[in-house]
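Hi,

Here is the structure I promised to pass on. Have a look at it first, and my notes on the pockets and the nonpolar cores follow below.

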Amino acid sequence: MTQTYQIALLPGDGIGPEIIGVTVYILNAVGQQYGLQFEFSQALIGGAAIDETGDPLPQETLDTCRRSDAVLLAAIGGYKWDNLPRRQRPETGLLGLRAGLELFANLRPAQILPQLVDSSTLKREVVEGVDIMVVRELTGGVYFGEPKGIFAAETGEQRGVNTMAYSDHEIDRIAKVAFETAQKRNQRLCSVDKANVLEVSQLWRDRVNALASSYPDIELSHMYVDNAAMQLVRAPKQFDTIVTGNLFGDILSDAAAMLTGSIGMLPSASIGDGNPGVFEPVHGSAPDIAGEDKANPLAQVLSAAMMLRYGLDEPAAADKLEKAVFQVLDQGYRTGDIMSEGMTYVGCQGMGDALLKAL
Ligand code: IPM
Ligand code: MG
């Protein structure tokens, strides 16, 4: 029996179309083995959408995503659009997608693969064995809080304003996802905030603490964000699952990603209640190498694996895809970002071909 899934494909900008192109044929190959058929609907987002329609998130794209079972997104942005007014920037399209689908939970794993330990800028003994999941709140906090804007102040100066705000229910639902994520991992959860200074963080801490009694199996700790940034590079193995707000999660997930050597390896999942999830690499659109067949497609492929696991509930196919990634690394295939001595250099297509063989 064949199971059919509708997948919205959002290639976006820069290296996006290349890495998503590879991922589509890999997905089809793994689908064939597990009786899964994917029907892809491609839609515009980011700079590509601005060029075509003037809008970084056309309504049609949001509709296509809502109709699908899951959304596979590559990356958005580029120098070309950096000076447009904010509502016309690629990033605004991405934020609109997150808000439009109410994807309040962003899961960003940072796991160091044994094959790539030496790609990390940190010492082997510091990073070997690192396996962290950052659970980032994605539709609230200072990214979305009101008031926001650049206003004329009474002094005649301009005043830029954003507001970091969280309500009870926003904290509770992300904390729940984090506790449940920790349950499936090593039962340790560290909530990161700035409760020594910020009221919004005090509420965050109080709510997370209040929920803890429902999860007696979880060892909960709290850490201030500045200390967390330091601990991540000092002794990252102390962390299992981290839960934090939107801005702190943005920053800490980049730091966690870099422990693994290449941000080009890391997938992410954004999920909400009921709507389809969005699965995308943590890295950006890398406009400097776009169209040169140099991009590393593995984060996109691993995002497709997260889509199979968390979005479509097809764990066997997800396992298979992840195994194929480990296998090509074992075989010594490396794109430029993870290249080291004695390994076999491949481009984006070459990595795709190796994956196909591994499957
Ligand atoms: C991320 C990115 C985005 C964010 C940008 C592109 C809007 O940095 O997904 O981490 O800040 O959330
Ligand atoms: Mg970021």
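This is a predicted model: local features need pLDDT of at least 70, side-chain atom pairs count only at pLDDT 80 or more; totals for chains, interfaces and linings use all residues.

How much space lies in the largest pocket? About 980 Å³.

Two or more lining residues come from each of β3 (70–75), α4 (90–100), β6 (149–152), β7 (158–161), α9 (246–259) and β12 (278–281). The top contributor is α4, with six residues. Sorted by class, the lining has 16 nonpolar residues, plus ten polar and ten charged ones. Both domains take part: domain 1 (1–101 + 276–359) and domain 2 (110–263) each give at least three residues to this lining.

Now for the second largest pocket, with about 680 Å³ of space. It has 27 lining residues, and Pro-109, Met-133, Arg-185, Met-306 and Tyr-310 are the closest to its centre. Here the elements that supply two or more residues are β4 (105–111), β5 (131–137), α6 (168–184), β11 (267–271), α10 (298–311) and α11 (315–330). Which of them gives the largest share of the lining? That would be α6, with six residues. By class, you'll find 15 nonpolar, three polar and nine charged residues around this second pocket. Its lining, too, draws at least three residues from each of domain 1 (1–101 + 276–359) and domain 2 (110–263).

On to the cores. The largest nonpolar core has 69 residues, and Leu-72, Phe-179, Met-265 and Leu-308 are the ones with the most contacts inside it. At least three of this core's residues come from domain 1 (1–101 + 276–359), and at least three from domain 2 (110–263).

What does Met-265 touch, leaving aside its neighbours within four places in sequence? Its contacts are Leu-113, Leu-116, Asn-296, Leu-298, Ala-299, Leu-302, Val-325, Leu-329 and Ile-338.

Cheers

Methods
Residues are numbered from 1 along each chain as its sequence is written. Chains are lettered from A and ligands numbered from 1 in the order in which they are written. Side-chain values use heavy atoms; hydrogens and water are left out. On a 1 Å grid over the protein atoms alone, a cavity is a set of points where a 1.4 Å probe fits but cannot get out, and a pocket is an open set with protein on both sides within 12 Å along at least five of seven lines; lining residues have an atom within 4 Å of a point. Grid points are joined across faces, edges and corners, and a volume is the space filled by probe spheres set on the points. Helices (H or I, at least four residues) and strands (E, at least two) are DSSP runs, numbered from the N terminus. Ala, Val, Leu, Ile, Met, Phe, Trp, Tyr, Cys and Pro count as nonpolar, Asp, Glu, Lys and Arg as charged, and the others, Gly among them, as polar. Domain bounds come from an automatic or database domain assignment. A nonpolar core is a set of buried Ala, Val, Leu, Ile, Met, Phe, Trp, Tyr and Cys residues joined through side-chain atoms within 4.5 Å. Buried means under 20% relative accessible area, exposed over 50%, partly exposed in between (1.4 Å probe, protein chains only). Contact means heavy atoms within 4.5 Å.
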